[in-house]
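Welcome! Have a look at the sequence and the 3D view before reading on.

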Amino acid sequence: MYKEHRTWLKKRILHGDTNLEDYEVLELLLSYALPMKNTNIISDNLIRKFGKLHKIFDAPINTLEEVAGVGKSTAAFIKCVSKLVGFYFEILLKTSRKQMYITKIQIMIFDILGIVMRFIIKFIKMIVKCFRATYLLLAMPILKANA
């Protein structure tokens, strides 16, 4: 059931829907860190503790790990996404300042969310590969010891 929900969320984003709730964005993000788990409950736990998506992104790793269902890898994943979004906006601001001389720029939060999600989707697979490689490297001594 959750796989169909993920597909539906991805389609919404890829078709330009920017009216996603924080928990929906978080669910989809977490689905890349935890591909075999239903991320709905973890998303709800994070929203209950922090309230808003930006507060989750701003939370320290150890505080994220206190939430049921969030381990070290998931907490690190959330922080990596947060950092990537920050890098993206720094580049975006630098580029827009050079290219535009506009006195007033209003950016609605839903427009920002759409841009962020497109960016995250592009980089998320790369991050997941890094976490999987790290997991394998960390698990190797345990596997050898059990053999």
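Accessible areas here come from the Shrake-Rupley method with a 1.4 Å probe, and for residues only the protein chains shown count as cover. By that method the protein chain exposes about 10,100 Å², and carbon and sulfur atoms supply 63% of this area. Please keep in mind that this is a predicted model, in which local features need pLDDT of at least 70 and side-chain atom pairs count only at pLDDT 80 or more, while totals for chains, interfaces and linings use all residues. Residues are numbered from 1 along each chain as its sequence is written, and side-chain values use heavy atoms, with hydrogens and water left out.

**The overall picture**

- The protein chain has 7 helices and 0 strands; helices (H or I, at least four residues) and strands (E, at least two) are DSSP runs, numbered from the N terminus.
- Read from the N terminus on, the elements run α-α-α-α-α-α-α.
- Of the 147 residues in the protein chain, 34% count as buried, where buried means under 20% relative accessible area, exposed over 50%, and partly exposed in between (1.4 Å probe, protein chains only).
- Among contacts (heavy atoms within 4.5 Å) with a separation of 6 or more, 54% join residues 24 or more positions apart.

**The nonpolar core**

- A nonpolar core is a set of buried Ala, Val, Leu, Ile, Met, Phe, Trp, Tyr and Cys residues joined through side-chain atoms within 4.5 Å.
- The largest such core has 29 residues, and Leu26, Leu46, Phe50, Ile56, Leu64, Val70 and Ile78 touch the most other members.
- The elements giving two or more residues to this core are α1 (2–14), α2 (22–33), α3 (40–50), α4 (53–58), α6 and α7 (109–146).
- Ile56 touches Leu26, Leu46, Ile47, Phe50, Leu64 and Ile78, leaving out residues up to four places away in sequence.

- In α3, the buried residues are Ile42, Ser43, Asn45, Leu46, Ile47 and Phe50.
- Thr74 lies in helix α6 and counts as buried because its relative accessibility is 4%.
- Beyond its neighbours within four places in sequence, Thr74 is in contact with Leu30 and Leu34.

**Salt bridges**

- Side chains of opposite charge can pair when their charged atoms come close.
- The structure holds 2 salt bridges, a salt bridge being a side-chain nitrogen of Lys or Arg within 4 Å of a carboxyl oxygen of Asp or Glu.
- One of them joins Glu24 and Arg12, whose closest N and O atoms are 3.0 Å apart.
- This pair links distant parts of the chain, with Glu24 in helix α2 and Arg12 in helix α1, 12 residues apart.
- Both Glu24 and Arg12 are buried.
- Another salt bridge joins Glu66 and Lys49, with 3.5 Å between the closest N and O atoms.
- That pair also links distant parts of the chain: Glu66 sits in the loop between α5 and α6, and Lys49 in helix α3, 17 residues apart.

**A closer look at Glu66**

- The loop that holds Glu66 runs between α5 (61–65) and α6 (72–99).
- Glu66 has a relative accessible area of 56%, so Glu66 is exposed.
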